[in-house]
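Me: I would like to learn how an interface between two chains is read from a model. Could you take me through one case, step by step?

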Amino acid sequence: MVSALSVPSKDRRALLIPVTPGSLWPGLETYERVAGFFRDPRVDLYGVLMPFGIIGEAMLMQHPEILVAGGSVMDRRAQRVAALRLRAWLDDRGAEYTKVVFIVYGSMVPIWSAALRGTKGSAPLPVADRVELVRVNRRTGFRGTLLQRELKRHLSFGGSRDRVSS
Amino acid sequence: MNLFPTTVIPLDRKTVAHFVGVSRTPFDCVGRFVLSAGDDAGGFVDRLAQLRKALGLRYAPLPGTWASIVVVRDDDDGDHMELRVGLDRRFGHALVRSHQALCSRAESLVAPLTIRSLALGYVAFVGAS
């Protein structure tokens, strides 16, 4: 049975991008090549990073100082904290989105995997069936149009006036 | 499992945070930590003076969690600075489920690392680092 809370009120998507300070960060070319194309009022952009799990793009740009203390911690403990917070976010906010698209890339893969699947025997998240994983081609990475095209396929709303589907 | 870590959290070389209690509102749970000087008491006083203009600010870059630093008046022990870390009720419940699903053996719901990051982020945000 589906509860009223788990039914999104309108078509809204979330794009989760693994971010790395200094190389893959809002405003930097590599990031903008992907994210810049999908800035739309109906698409919310989030950065996935250790040890905070997930932070909205606007907050990442507004508060880069949050990395002062924890941004450089990359050990298993940080990985664990990130997975816990990411899963909590998916549980709490996932119902707001008709689709959650995650770019599978780099060191965030184990975090994502733990957050979404949980451990053996744990109940699946209600949002799990609305999650789409987009893999990054090893050869082209964030360059080229392969990733853009793949993301467009998942984030397209249909209709000629849509920026994300043009 | 506790909501907030009860061990001493070293924030940096100069400051540590001691857990003193939790207060609840209809919307969130607030963990209270007294900030005290480590070895370098002079540095801490300087920092306190710089923070004066930004006390009470609600610093919330992370979803479901916020932090604030306030001065608490205490006639017996004198005034002290308190770090308050709030956990949104809905996000808190989700975090509990998350800990259960991942069979977490963590001491507290909110990790010391998160508290340290919020405290130092707050200080850096108000330009008092």
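**Reading the interface**

Reply: Let us begin with one pair of residues, bearing in mind that this is a predicted model. A:Asp92 forms a salt bridge with B:Arg90, and the closest N and O atoms of the two lie 2.9 Å apart.

Me: How many salt bridges does the rule find across the interface of chain A and chain B, and how many residue pairs are in polar contact?

Reply: The rule finds 2 salt bridges across this interface, while the count of residue pairs in polar contact, both at pLDDT 80 or more, is 7. On the side of chain A that touches chain B, the elements giving two or more residues are β3 (53–56), α2 (57–62), α3 (67–70) and α4 (76–93), and the largest share, 11 residues, comes from α4(A). The residues of that side divide into 16 nonpolar, 6 polar and 6 charged.

Me: How is the size of an interface often given?

Reply: It is often given as the accessible area lost when the parts come together. Here chain A and chain B bury about 2,500 Å² between them, with 66% of it on carbon and sulfur atoms. In chain A, the residues that lose the most area to chain B are A:Leu84, A:Arg85 and A:Asp92, which together make up 25% of what that side buries. Counted by contact, 28 residues of chain A meet 27 residues of chain B.

Me: Which elements make up chain B, from the N terminus on?

Reply: The elements of chain B run β-β-β-α-β-β-α-α, which comes to 3 helices and 5 strands. Of its 129 residues, 48% count as buried.

Notes. Residues numbered from 1 in each chain as written. Chains lettered and ligands numbered in written order. Predicted model: local features only at pLDDT ≥ 70, side-chain atom pairs only at ≥ 80, totals over all residues. Heavy atoms only, no water. Contact = heavy atoms within 4.5 Å. Buried area = accessible area lost by both parts, 1.4 Å probe. Salt bridge = Lys/Arg side-chain N within 4 Å of Asp/Glu carboxyl O. Polar contact = N/O pair within 3.5 Å; in protein donor to acceptor, adjacent residues only side chain to side chain. Helix = DSSP H or I, 4+ residues; strand = E, 2+ residues; numbered from the N terminus. Nonpolar A, V, L, I, M, F, W, Y, C, P; charged D, E, K, R; others polar. Buried < 20%, exposed > 50% of the residue type's maximum accessible area, 1.4 Å probe, protein only.
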